[in-house]
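Subject: Structure handover

Hello,

Here is the structure I promised to pass on. Please open it first, then read my notes below.

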Amino acid sequence: MNAVQRKIIHIDCDCFYAAIEMRDDPGLRERPLAVGGRPETRGVVATCNYIARRYGVHSAMSSARALRLCPDLLIVPPDMARYRLASQQIMAIYQRYTEVIEPLSLDEAYLDVTGQPHEQGSATLMAEAIRRQIREEVGITASAGIAPNKFLAKVASDWNKPDGQFLIRPRDVDAFVVTLPVEKIHGVGRVTAERLHRLGIHSCGDVRRWSPADLFRHFGSFGERLLALAHGNDDRPVSTDRSRKSISVEETYAQDLPDLASCLSKLPELVDRLQARLARNGNPEFKGLSVKLKFDDFSQTTVEQPGYALAMAAFGQLLRTGHARGGRPVRLLGVGVKMADDHDLPRQLRLFGRDGKPLPDSAPPADEAEAVQPDQQGG
């Protein structure tokens, strides 16, 4: 018996934060607008409207650079209370069509509408209805992608932005994916794209011509994922699990940290902040440690390894591994933990010792550290 073909909708509101600002102040609609931090505090653009994008401004760009590109750019600070209120309205609209919802942010989500009776069971009509209700009830626009899996639905939602939607039918998947640029593949950032290009790989069709063994040799375990997505295959379900997957803290520094020693000197303060945040969350058990670095060119890397205690030696080793990848001044550092499920570790492994301090622990061998999203651009 054949498995039921999934119907996945990916909905993404257009320049969400900026859209809320323009909705509430119509005078902002005709000028370049960004939501983010001030340049004098090394702030970063969270999002910007489409007028600002014509100048090359984009999310995760430093506010200082955004102003150099667009001197007339108005940067307003985020108002998270208003954005969360709009998000609640949007999520309520999603829930009219399915309970299988995986939020990715305040405004963005995957919806599995397989077998739903709304709009004669048509995912395309459901997406149109959802977008219409967001426009009428929230006062902003949204774009949608409809496809048999999450990877393709997310690609499709960006196809006709803003205020549009795009459908990829199951029978059209192969023809659509074969010409898709590798930059559209989930997990391929700037650095990986450059490595692919050097190998003569520019499209998913190019990826398909490589053997699994050769892709593994160049990209490790990501090579297998790369090949599957290049064929349009993605079996990840839409996950309704809202439990927290990680807890982290990070700091963007007013002056770049020039070298590894400067970065290491900042670790104790960050780990103390992480410990305090874990305490506020009831000292949950965790199963992994991570360190994130964003370099002065806005490339970033995250390194993680198994770990059940906030061991300074382990964080130091992760930092050394991550710093070696960039070898550049660092503008942002972060430390975090990956949360444990009940079956992940015995209950007697506790977060802190009796004195409330992180347990002493030595770092595991270097080859246990695993790279995670080594080249995702900031944001």
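This is a predicted model: local features need pLDDT of at least 70, side-chain atom pairs count only at pLDDT 80 or more; totals for chains, interfaces and linings use all residues.

Residues are numbered from 1 along each chain as its sequence is written, and side-chain values use heavy atoms, with hydrogens and water left out.

**The helix pair**

Start with helix α4 (residues 80–95) and helix α5 (residues 123–137). They pack at an angle of about 150 degrees, and their axes are 10 Å apart. Axes here are lines fitted to C-alpha atoms, for helices over the stretch in contact, and angles run from 0 to 180 degrees between N-to-C directions. Helices (H or I, at least four residues) and strands (E, at least two) are DSSP runs, numbered from the N terminus. The two helices, α4 and α5, are therefore roughly antiparallel to each other; that term applies to angles over 145 degrees.

Which residues meet? From α4 come Q89, I90, I93 and Y94; from α5 come I130, Q133, I134 and E137. Contact means heavy atoms within 4.5 Å. The residues of this α4–α5 contact divide into five nonpolar, two polar and one charged. Ala, Val, Leu, Ile, Met, Phe, Trp, Tyr, Cys and Pro count as nonpolar, Asp, Glu, Lys and Arg as charged, and the others, Gly among them, as polar.

**The salt bridges**

How many salt bridges does the whole structure hold? The search finds 25. Each is a side-chain nitrogen of Lys or Arg within 4 Å of a carboxyl oxygen of Asp or Glu.

One of them joins D163 and R131, at 3.0 Å from N to O. This pair links distant parts of the chain, 32 residues apart. D163 sits in the loop between α6 (150–157) and β8 (165–167), and R131 in helix α5. Buried or exposed? R131 counts as buried, at 9% relative accessibility. D163 is partly exposed, at 34%. Buried means under 20% relative accessible area, exposed over 50%, and partly exposed in between (1.4 Å probe, protein chains only).

E250 also forms a salt bridge, with K292; their closest N and O atoms are 3.1 Å apart. E250 lies in strand β9 (residues 246–257) and K292 in strand β10 (residues 286–295), so the pair ties together parts 42 residues apart in sequence. Both are partly exposed: E250 at 38%, K292 at 22%.

Finally, salt bridges that share partners join E21, R23, D24, D79 and R82 into one network. Within that group, D24 and R23 meet at 2.8 Å, N to O.

Best wishes

Definitions and conventions:
Angles under 35 degrees count as roughly parallel, over 145 as roughly antiparallel, 65 to 115 as roughly perpendicular and the rest as oblique.
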